[in-house]
Amino acid sequence: MRSYRTLFRTPEFTPFLLSFAAFAAAQTIGGLALGTLVFRATGSPLLSALSMFGPQLAQLLGGAFLLSGSDRLPPRAVLSALALAFAAGTAVLALPGLPVWAVFVVVLLQGLVASLGGGVRGGLLNEILSKDGYVLGRSVYNMLWGLTQMAGFATGGALLALLSPRTCLLLAAALYVVSALATRFGLTARAPRSSGRPSVAATWRTNALLWSSRPRRLAYLGLWVPNGLVVGSDSLYVSYAPGAAGTLYAVGALGMFVGDMAVGRLVPPGVRPRLATPLRLLLAAPYLFFVLRPGVALSAVAVTVASVGFAASLVLQERLLSLTPDDLAGQALGLHATGMAAFQGIGALLAGTFAQLASPAAAMTLMAAGSVTVTLALAALGRREERRPADPGTRPDVLPEPAATD
């Protein structure tokens, strides 16, 4: 599948995107409002960064205990319930006088339930589209995420100039309700992809199975670590340029859009695997420029160029799916989403801590240098893996069929 016309003629693809767009818009506007609210209340770059990205650390717990539900629960019901849970939590965050510790309790609970979302959406997209349409469909999904972020952060910045952060949080809660309604009435009720009851034991067994081969581990680490360190830099926009944070987030979303469009639509399938390392290096290198403390205009250019590199995730997700049986696709993508979110939360924690000790500019530069180092190390390990002979009678790049589970 190489044309957008064919893609959008696929049943349910458009409703799937619309429900996700409403959810993403709510996350974007609500996240910026919450980060601004916490920064105004505390003056702390660390707490501001953690309020926006720290909840993703809670997805580690969800990944350990809940991910088997990605393939063993009906996707429409899960996505509708998830959107309503976020609506309720965001409305609570808008309550006047809510102490900072209570804010973090709410957002950590949101992060915990969000651990199911990535796997369920990824698995559902894999069902809606044919095998040869996944990369193009995922690129459109990512492009929509970029456009929604760009519009959401720009709108959120404008709304924060006119309204209070709490009012913006209530608007975000309303958007979550819209997402729940679009999911409920726009998508078909589907049976779970895999049989059995969701359980902690099933989650751990399948996660261990997914983590069992070295090529897949390298794919996961390539998806998680360089991305997470750069998102740590992103989490400091509010403290680096309080009056222009919405602009920086918006141009970053623009760069993501350009990268996903180019890789998903223009790059031939045979060329894509060779772009994983260059794109990850592009993702981090422009942030090294922040050591010079550039103004808003130059910072926006650097962020836009860097964000093109987020398209590396398309290449690595395609690789991951090629190594995974269809009935585990949801949990495989859920493990990716959970790990990515967790490393983004870790990145925000590290960046915020460095910013407290030095400055936001120094912290952003340090996180970028770490991302470049990790990317080069993973590339060297990948080349070594390609030269390593397979064990007799086995293929190390193929996932074995799962054993029977409950």
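Analyst: Buried means under 20% relative accessible area, exposed over 50%, and partly exposed in between (1.4 Å probe, protein chains only). Arg-190, at 21% relative accessibility, therefore counts as partly exposed. This is a predicted model: local features need pLDDT of at least 70, side-chain atom pairs count only at pLDDT 80 or more, and totals for chains, interfaces and linings use all residues. Residues are numbered from 1 along each chain as its sequence is written, and side-chain values use heavy atoms, with hydrogens and water left out.

User: How many salt bridges are there by the rule?

Analyst: Side chains of opposite charge can pair when their charged atoms come close. The rule asks for a side-chain nitrogen of Lys or Arg within 4 Å of a carboxyl oxygen of Asp or Glu. The count is three.

User: Which residues are linked in a network of salt bridges?

Analyst: Glu-12, Glu-127 and Arg-190. Glu-12 pairs with Arg-190, with the closest N and O atoms 2.9 Å apart. Those two are 178 residues apart in the chain. Glu-127 meets Arg-190 at 3.8 Å, N to O. That pair ties together parts 63 residues apart in sequence, since Glu-127 lies in helix H7 and Arg-190 in the loop between H9 and H10. Helices are DSSP runs (H or I, at least four residues), numbered from the N terminus.

User: Is Glu-12 buried or exposed?

Analyst: Glu-12 is buried, at 15% relative accessible area. Glu-127 is partly exposed, at 34%.

User: What does Arg-272 meet in a salt bridge?

Analyst: Glu-318, at 2.9 Å, N to O. Arg-272 is buried at 4%, while Glu-318 is partly exposed at 27%.
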